[in-house]
Amino acid sequence: MRRLDALAAIYADLEECIVVTIMGAVAAELQSLGHRQNHFYLQHAMGLASSIGLGIALCRPELDVVVLDGDGSVLMNMGGLSTLGRYRPQRLTHVIFDNESLLSVGGFPTATSTGADLAGVAAAAGVPRTARVDTVEDFAAAFRAARTADELTTIVAKVDAHYEPPSNTKGFVTELGLLENRFQFARYLQTLGAD
Amino acid sequence: MPVSVDSSQIIYDSLRANGVRLVSALPETWLVHLIRMAEEDPEMILVRLAKEEEGVGISAGAHFTGTKSAMLMQNHGFLASINGIVSGAQLFRIPLLMVISDRGSFGEADPWQTEGGLVTEHVLDALRIPFDRIETREACARQIGKALTLAYASNRPVALLLGRDLMWEAA
């Protein structure tokens, strides 16, 4: 499956969620579908997207939080899966796009290419619901099931190690400034539900 | 255990009085009472970490929601968090209060703590993180308040080093 197609399949659903992504292709492709102020793109600090999602979920447990992660990032913070499994925020959905590769830095294979099973790791770390999907249809179905399950879910979506820079994107750099995104996102979160 | 309960209580009360509502922590000897106080406080969110760097992400997420937080960690935990601090908290201008037990200073009897003590202040300087050392109970409330004020005014990480004279009571 192409990651862009997977993102497009859930793009409408994301409008109702607080979305935290990793850097690189995921951030650029989601922005190519359309940036919204409920998206935060963690353009570095690899591994910490799920930690940011957990911090948001613990402080605002009534919100649906979606973390769009990757195999390279999760492998840098596998302990974070055990922290997620410990607190199990009910309305957090953790998507790991697994292309078995560090795509943005030359495509070198990660350990998921040699058998590391991140859905298995998440389950063993205490994440109550996990899924592993290979098609866009299965991904969209798993994502919607996760959002209605009221239980922390990790979905490992196997995707192609492929990236085509969208228009208005140079490599992985989009027109949206990092700090513009960060302050807009914080303001959005803090006004949400305040009225 | 000669870790000071009284000093820990003053530090904890100062964090609470300054509006801190979430703390992340990894256990370390000098922090045991502080972590227990957070655990027993129904109005505090305590996040027990596997590794300290996660706490940078937790605090960033909390900040985005408008929640004040603090990271409780040993100086070796600070050293383990550096990439998250630089490419997370500094790059994205997150006000971050790091409360660091500063092991390895004069009086340190544990050989394994001694290298971290040599480099902590130099690394804080290299990262341009404003810091101060607290050695007395009288200074706790004022320094915690001032540290948070600067963190929020600058949108940057700041650090308070908890010193031996504050945290350790001679048996």
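Modeller: Here is a walk through some helices, strands and contacts. It is a predicted model, where local features need pLDDT of at least 70 and side-chain atom pairs count only at pLDDT 80 or more, while totals for chains, interfaces and linings use all residues. Residues are numbered from 1 along each chain as its sequence is written, and chains are lettered from A and ligands numbered from 1 in the order in which they are written.

Biologist: OK, what is the strand order in the open sheet of chain B?
Modeller: The order is β2-β1-β3-β4-β6-β5, six strands with parallel pairing. Strands are DSSP runs of E with at least two residues, helices are runs of H or I with at least four, and both are numbered from the N terminus. Two strands pair if DSSP finds at least two bridges between them.

Biologist: And which are the edge strands?
Modeller: β2 (45-48) and β5 (131-134) of chain B, each pairing on one side only. On average, neighbouring strands in this sheet are turned by 20° against each other, ignoring direction.

Biologist: How many bridges between β1 and β3 of chain B?
Modeller: Five, in the parallel sense, between β1 (residues 20-25) and β3 (residues 68-74) of chain B. B:Val20 sits opposite B:Lys68 of β3(B).

Biologist: Which strands does α2(B) touch?
Modeller: α2(B) packs on the sheet against β1, β2 and β3 of chain B, and its direction makes about 130° with that of β1(B). Contact here means C-beta atoms, placed from the backbone, within 7 Å. Angles run from 0 to 180 degrees between N-to-C directions, with axes fitted to C-alpha atoms, for helices over the stretch in contact.

Biologist: How do α1(B) and α2(B) cross?
Modeller: The axes of α1 (residues 5-17) and α2 (residues 32-40) of chain B come within 9 Å and cross at roughly 50°. That makes the pair oblique (under 35 degrees is roughly parallel, over 145 roughly antiparallel, 65 to 115 roughly perpendicular, the rest oblique).

Biologist: Which residues make that contact?
Modeller: From α1(B), B:Val5, B:Ser8, B:Gln9, B:Ile11 and B:Tyr12; from α2(B), B:His33, B:Leu34 and B:Met37. By class they are five nonpolar, three polar and no charged. Nonpolar covers Ala, Val, Leu, Ile, Met, Phe, Trp, Tyr, Cys and Pro, charged covers Asp, Glu, Lys and Arg, and the others, Gly among them, are polar.

Biologist: Switching to the two chains: how many residues does each give to the contact?
Modeller: Chain B gives 26 residues and chain A gives 25. On the chain B side, β2, α3 (53-64) and α5 (82-90) each give two or more, and α3(B) gives the most, with nine. That side has 12 nonpolar, 10 polar and four charged residues.

Biologist: Over in chain A, is β3 buried or exposed?
Modeller: Six of the six residues of β3 (residues 65-70) of chain A are buried, so the strand is largely enclosed by the rest of the structure. Buried means 20 or more other C-beta atoms within 10 Å of a residue's own, exposed 12 or fewer, partly exposed in between, with C-beta atoms placed from the backbone.

Biologist: Which residues point which way?
Modeller: A:Val65, A:Val67 and A:Asp69 point one way from β3(A), and A:Val66, A:Leu68 and A:Gly70 the other way. In a regular strand the side chains alternate between the two faces of the sheet.

Biologist: And what does β3(A) pair with?
Modeller: β1 (residues 18-21) of chain A pairs with β3(A) in the parallel sense over four bridges. Six bridges join β3(A) to β4 (residues 92-98) of chain A, also running parallel.
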